[in-house]
Amino acid sequence: MHYNKLGHTGLFVSELCFGTMTFGGQGQFGIVGQVQQAEAEALLAKALEAGVNFIDTADTYSDGQAERITGQALKNLGVARSEIVVATKVFGAAGPGHNGQGSSRAHILDAAKASLERMQLDHIDLYQLHGFDPGTPIEESLEALDDLVRQGLVRYVGVSNWAAWQMTKALGISALRGLTKLAAVQAYYTLAGRELEREIIPMLESEGLGLLVWSPLAGGLLSGKVTRAQQEIAGTRRAAFAFPPVEMERGYDVIEVLSALAERKGHTVARLAIAWLLHQKAVTSVILGAKRVEQLIDTLTATSVTFEAAELAQLDAASKLPLEYPGWMIELWSKARRDQVAAQRHPR
């Protein structure tokens, strides 16, 4: 297991993160998993044994039950608080009423305290805005997060599912007002969906933000169970809930390359799909969800996978995004200047 700095911070997190969306089985997330306390503790224990020091949850997962199970599991397993990095999120509807959702100051402050109570913790290591709120000024949200940091209830802040321009605006506001700077973004990224590479990854690399990846298997598409010939497997999550959306022809091309590599290298398709993400320099940590211990063991083993240059080229060719403006023009028109920079004798 490797440990990476979380963006520009001095906090190190494991390259694989244990996700808890499968915990609880209530509300809209019940379709994802029905993992209860004893099973959750077995899963978390296996992740910790493999070297994972990073856990991600959210207040909306199973109507708060995922946070309760996570906190109790940490307590029952006797995990030292200083040895674990706990991330949770705020934004989605966490209760009745018009103000029980979004990124208003009122909701952020109330939700943070409720999450701490459910998890039986005195602070949250990484607190993330789970979506972009068109109803709240960014300034208001950032000031609320900054207050939580100053109170010692939150250590670092981030966002999830934001556009590049939204994050850039937030960074500018934070710099102008002296507020806590975003440390990371949690986003969808997979061999079956590389849209993040158009705008978000260049922005993250420019501004020094970390990248936490959710749904690395594209909602089960890259689990190894789905093929071009057998496109829906009864009982799989994707058969009941085709999310995230995928351009399926390119997805099947990716599956065929992964399947051939898996057979040749003696690994599973899922393990290789996660390993590809670990080979992407922008990725800080990949979030793994699981319903069974054997499933988790398989994906945890992705840290041991290596690729030859030709294999990475195969995967790149199968999953490559179609050209899109202004990307193709920037690539074309900036090439001479880029080559000039690369040719420096002593680049700084």
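Helices (H or I, at least four residues) and strands (E, at least two) are DSSP runs here, numbered from the N terminus. This is a predicted model, where local features need pLDDT of at least 70 and side-chain atom pairs count only at pLDDT 80 or more, while totals for chains, interfaces and linings use all residues. Residues are numbered from 1 along each chain as its sequence is written, and side-chain values use heavy atoms, with hydrogens and water left out.

Let's start at Arg194. You will find Arg194 in the loop that runs between strand E8 (184–188) and helix H6 (200–207). Arg194 has a relative accessible area of 8%, and it is called buried because that term means under 20% relative accessible area (exposed is over 50%, partly exposed in between; 1.4 Å probe, protein chains only).

What does the side chain of Arg194 make a polar contact with? Its partner is the side chain of Glu197, at 2.9 Å. A polar contact is a pair of N or O atoms within 3.5 Å; within protein, one must be able to donate a hydrogen and the other to accept it, and residues adjacent in sequence count only if both atoms are side-chain atoms. Setting aside residues up to four places away in sequence, Arg194 also touches Tyr189, Trp276, Leu315, Asp316, Ser319, Lys320 and Leu321, where contact means heavy atoms within 4.5 Å.

Now move to helix H8, which holds Arg250. Arg250 is buried at 14% relative accessibility. Beyond its neighbours within four places in sequence, Arg250 is in contact with Glu195, Ala318, Ser319, Lys320, Leu321 and Pro322.

Tyr252 lies in helix H8 too, which spans residues 248–265. Tyr252 is buried, at 4% relative accessibility. Its C-alpha atom is separated by 17 Å from that of Arg271, 19 residues apart along the chain.
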